[in-house]
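Hello,

Here is the structure I promised to hand over. My notes follow below it.

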Amino acid sequence: MGYNIKLPQLEPWQQDVFDDFKEGIYDQQCVKAKRQVGKSVLAEVCVLHASFAESDSTCVFVSPVLSQSRRVYKQLLKSIGGEGSEIVKSANSTLLEIEFTNGSQILFRSAEQKENLRGITVKGLLVIDEAAFIQDDIFEILYPTCDANHAKILIISTPLFMSGEFFRKYTEGLSSTYVRSYNWSLYDTSKYLPPEKLEYYRQTLSPLRFRSEYEGEFIAEGSYIMGNISNVIGELSTEQPIYGGLDWGNGGENDYTALILMDKEAKVTAIYYRNNLSPTEQIDYFSSILQGTSLSELQVETNSIGTVYKDMLQKKVSTQVTGFNTTNETKRTIIEQLITAIQTKAITIPNDPELVNQLQHYEMEKTKTGYTYNGHGAHDDLCIALALAYDSYLRGGGGFSISFA
């Protein structure tokens, strides 16, 4: 029985990978790609081809998180006509599995399932999507699932660090007989991202994130990320402070409770930090400073004991105190805003030795689900205070952001 499946027109960078895949020359193919240039489309075309090149195949598509796998499941199912298509025998949106009339199936899984991935046997193709964001131990589980049936492997991702399995596999594929690597950064993909939009991202994203996502470059893990701090060092502003950030320390050695105030032009007006006061004394000390300002809002971290501090501070100041929920994602947001501000000289800071030292030692670190930012060899309380102050400035309504470490 023949199957007439209409596949999308591939771009040259996609076609190169697909042609090699159809020929079956390489056991593994590794694609390093910029954002929004068709990674998912290529993966879907390859997995469909593998499903109908041989009956009773079992292809597996693995993403870092289940929500991504669900999105690709829906996208692929829609592209072939949905559950009512003549080639689809069944589609299970709960298990994220599609079975075709020729007996082949595609299983959509995520790295979050970890040990449960061991029960899979791949026959046809294993796709590992956004592989730079998947931990090495998941690769160790997935590779053996292809051994019994000599299944092919397609590894595809935007790059992240110069470490981890995706980086090693890409490097191996530059000179291997069995692995082939493809660098989509070498192609002109401007039809999907015109120069003016690319320049917008260059100006609004942190330099390392821009290099990774839009120039397709690997970056050194632990890279210091604030750039040239000297470009934004200036005199303290004498204007009225409107925005501020306060990071609450634990009183340990060199771990400060830091307060930074900022005027309407994102110029720092004052910086305070202490590490020799009890929590109650610190609230008294910093609230006395705040009582001399006209800040319109205090935004306070409410994680853990932060709610208690929020309530204590609210009793000391007339300004409305609101909550700030600190997660890895929200921290990344305010830090990347600060990085961009320094890059574009949109902020002015004083030449305070502790602040400058912390900014110079701030770095990007790999996590199980991506990356985060932390101080390296230094605390980051003044960095967080500054980032929160600038976040308040960007929100525009006037505000005061507080984070309790």
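How accessible is Arg211: buried, partly exposed or exposed? Arg211 is partly exposed, with a relative accessible area of 28%. On this scale buried means under 20% relative accessible area, exposed means over 50%, and partly exposed lies in between, using a 1.4 Å probe and protein chains only.

Before the rest, the ground rules. This is a predicted model, in which local features need pLDDT of at least 70 and side-chain atom pairs count only at pLDDT 80 or more, while totals for chains, interfaces and linings use all residues. Residues are numbered from 1 along each chain as its sequence is written, and side-chain values use heavy atoms, with hydrogens and water left out.

Salt bridges

A salt bridge here is a side-chain nitrogen of Lys or Arg within 4 Å of a carboxyl oxygen of Asp or Glu. The whole structure holds 23 of them.

Arg211 pairs with Glu217 in one of these salt bridges, with the closest N and O atoms 3.1 Å apart. Glu217 is partly exposed too, at a relative accessible area of 32%. Salt bridges with shared partners also tie Arg35, Arg209, Glu213 and Glu336 into one network.

Arg180 and Asp20 form another salt bridge, and their closest N and O atoms are 2.9 Å apart. This pair links distant parts of the chain: Arg180 sits in strand E8 (residues 179-183), Asp20 in helix H1 (residues 12-23), and 160 residues separate them. Helices (H or I, at least four residues) and strands (E, at least two) are DSSP runs, numbered from the N terminus. Asp20 is buried, with a relative accessible area of 16%. Arg180 is partly exposed, at 30%.

Glu172 and Lys169 make a local salt bridge within one helix, with an N to O distance of 3.3 Å. They are three residues apart in helix H5 (residues 164-172), about one helical turn. Lys169 is buried, with a relative accessible area of 7%. Glu172 is partly exposed, at 36%.

Helix H10

H10 covers residues 328-343. Its 16 residues should span 22 Å at 1.5 Å a residue, and the end C-alpha atoms are 22 Å apart, which agrees. The expected span is 1.5 Å times one less than the number of residues. Its buried residues include Lys331, Arg332, Ile334, Ile335 and Glu336. Just after H10, Lys345 has a positive phi of about 60°.

Is E10 enclosed or open? Six of the six residues of strand E10 (residues 257-262) are buried, so E10 is largely enclosed by the rest of the structure. Thr257, Leu259 and Leu261 point one way, while Ala258, Ile260 and Met262 point the other way.

Two strands pair if DSSP finds at least two bridges between them. E10 runs antiparallel to strand E9 (residues 243-248), with five bridges joining them. E10 also pairs with strand E11 (residues 268-274), again antiparallel, over six bridges. Leu261 takes part on both sides: Leu261 is the bridge partner of Gly244, and its partner in E11 is Ala270. The hairpin of E10 and E11 has five residues between the strands, and Ala266 there takes a positive phi near 65°.

Pockets

A pocket comes from a 1 Å grid over the protein atoms alone: it is an open set of points where a 1.4 Å probe fits, with protein on both sides within 12 Å along at least five of seven lines, and lining residues have an atom within 4 Å of a point. Grid points are joined across faces, edges and corners, and the volume is the space filled by probe spheres set on the points.

The largest pocket has a volume of about 900 Å³. It is lined by 35 residues, with Pro64, Gln68, Glu130, Phe133 and Thr158 nearest its centre. H10 is among the elements that supply at least two lining residues each, as are helix H2 (39-53) and strand E15 (370-375).

The second largest pocket holds about 230 Å³. Of its 14 lining residues, Ala50, Ala53, Glu54, Gly124 and Lys152 are closest to its centre. H2 gives the most to this lining, with three residues.

Best wishes
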